[in-house]
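Please look at the structure first, then read on.

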Amino acid sequence: ASTWANVPQGPPDVCITEAFKADKFPQKINLGVGAYRDDQGKPYVLPSVLKAESAVIAALMNKEYAGITGVPEFTKAAAILAYGADSSALDRLAITQSISGTGALRIGGAFLARFFPGAKTIYIPQPSWANHAAVFKDAGLTVEKYAYYNKDTIGLDFEGMLADINAAPNGSAFLFHACAHNPTGVDPTPDQWRQIEAAVKAKGHFSFFDMAYQGFASGDIHQDAFAVRHFVAQGHNVALAQSFAKNMGLYGERIGAFSLVCADKAEQKRVDSQVKIIVRPLYSNPPIHGARIASLILNTPALYEEWLLEVKEMADRIITMRAALKANLEKLGSKHDWSHITSQIGMFAYTGLTPEQMDQLAKEHSVYATRDGRISVAGITSENVGRLAEAIFKVKG
Ligand code: PMP
């Protein structure tokens, strides 16, 4: 028999793109993609990225390995972007470049699995990005859920969230989406974050932030970093996963960072040594091209200013499309309250549509998105928003 004769068939990766491709209707709409599209529905390479990339290529740099923790000019700038230039965390931060946000989460998961002094369990929101549970389980952690989303209000289940934070054993590890929660688009307000922080502190919990959308949510990199910076200011030595996939549009370049705020320099040195011991047998050292692009943008004032405007432009287009979808639904005479479409933030909106209604959207209207009712607002354009609203109106009323 073949060596692999007993390998069982795994479940398919749920792929909307396949069904979308197979559909022959010319006005079909793909709202499944987790990537930004411009108002023509096309993938978007940021002009600041094109400039930085041209400069990187023109510099004719060699292709030798980065160190285990990556390109230092990149990680230094990434830390400033996340924590703020005046953060007390910066000179006691263990940070490593990572294979985008996913790789950062994986390194963090592995670090917790090895060294977290409490139970090797991480609490993630219900629901969360589908890959969170898989990443943390494969890293050796047990995954538990905390209440997050209230399907009746299509908003935050704030009481449930606080109750679960309080019910977890003292000193547990909690994962928070720093901004633009995926898949719901529902974020705590700053005041709710303050209350969450107080609850987390009272219980002695550890906070791990996943920040995959800094700048992409509100259009302002500082506003989107509020939760992380607030926790650090209140004395939490957080873990942080950063991704430059969305806010720089560097998706396939796989560029991100993982960091741990340490108590002091001596602790940072020890933690840093162990992060290296985790990374080395995984992939030795990270790729350099995306790091050079991101580093040039973050470290060149003119490019940095240009990039900030481009991030805002992307966020603004998404916010505009939310408003347009809501307005179109109301114009059609929908009696439902669609205010969640505009109160939610980031790339995704939770429509509140049922799996059956989502199937109907696909079959009868060639509108494709996940069955949980999540739509990628990035897939909406001025051109298709009218037809999309009609389709949703026909399915839900
Ligand atoms: N966290 C969240 C919440 C995400 O939505 C994503 C991307 N969809 C990621 C992490 C990681 O993405 P990447 O590995 O491409 O940076």
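Where is the place of R317? R317 sits in helix α12; helices here are DSSP runs of H or I with at least four residues, strands are runs of E with at least two, and both are numbered from the N terminus. The model is a predicted one, in which local features need pLDDT of at least 70, side-chain atom pairs count only at pLDDT 80 or more, and totals for chains, interfaces and linings use all residues. Residue numbers start from 1 along each chain as its sequence is written.

R317 counts as buried because it has 21 C-beta neighbours inside 10 Å. A residue is called buried if 20 or more other C-beta atoms, placed from the backbone, lie within 10 Å of its own, exposed if 12 or fewer, and partly exposed in between. Between the C-alpha atoms of R317 and T3, which are 314 residues apart along the chain, the separation is 52 Å.

**The annotated span**

A UniProt annotation from an unreviewed entry, "domain: Aminotransferase class I/classII large", covers residues 27–392. UniProt positions are given in the numbering used here, feature names are shortened, and such annotations may be inferred rather than shown by experiment. The span of residues 27–392 is 46% helix and 15% strand, and its end C-alpha atoms lie 15 Å apart.

**Around the ligand**

The ligand has 13 residues around it, and S100, G101, T102, A212 and S243 come nearest. A residue counts as near if its C-beta atom, placed from the backbone, lies within 6 Å of the molecule. By class, this shell has four nonpolar, eight polar and one charged residues. In this classing, Ala, Val, Leu, Ile, Met, Phe, Trp, Tyr, Cys and Pro are nonpolar, Asp, Glu, Lys and Arg are charged, and the others, Gly among them, are polar.

Helix α4 (residues 100–115) supplies the largest share of the shell, three residues. Of the 16 residues of α4, 13 are buried, so the helix is largely enclosed by the rest of the structure. From its first C-alpha to its last, α4 reaches 23 Å, close to the 22 Å expected at 1.5 Å a residue. The expected span is 1.5 Å times one less than the number of residues. G204, with a positive phi near 65 degrees, follows α7.

A245 lies in the loop between β9 (239–243) and β10 (255–261). A245 counts as buried because it has 24 C-beta neighbours inside 10 Å. Leaving out residues up to four places away in sequence, A245 touches S100, G101, A212, L250 and Y251; two residues are in contact if their C-beta atoms, placed from the backbone, lie within 7 Å. The C-alpha atoms of A245 and I255, ten residues apart along the chain, are separated by 6.8 Å.

In soluble globular proteins, nonpolar side chains tend to be buried together. Here the largest nonpolar core has 118 residues, and V228 and A294 have the most contacts inside it. Helix α12 (residues 301–331) gives the most to this core, with nine residues. Such a core is a set of buried Ala, Val, Leu, Ile, Met, Phe, Trp, Tyr and Cys residues joined through C-beta atoms within 7 Å. Not counting residues up to four places away in sequence, V228 touches A82, Y83, A178, F209, M211, V238 and L240.

Helix α11 (residues 289–299) is mostly covered, with nine of its eleven residues buried. Among the buried residues of α11 are R292 and A294. The buried residues of α11 pack against α2, α3, β2 (93–99), β10 and α12.

**Backbone details**

| Site | Backbone value |
|---|---|
| Q126 to P127 | cis, omega near 0 degrees |
| N182 to P183 | cis, omega about 15 degrees |
| L60 | positive phi, about 50 degrees |
| S366 | positive phi, near 55 degrees |

P127 is in the loop between β3 (121–126) and α5 (130–138), and P183 in the loop between β7 (173–177) and α7. L60 belongs to the loop between α2 (47–58) and α3 (72–83), and with 6 C-beta neighbours inside 10 Å it counts as exposed. S366 lies in the loop between α14 (355–365) and β12 (367–368). With 19 other C-beta atoms within 10 Å, S366 is partly exposed.
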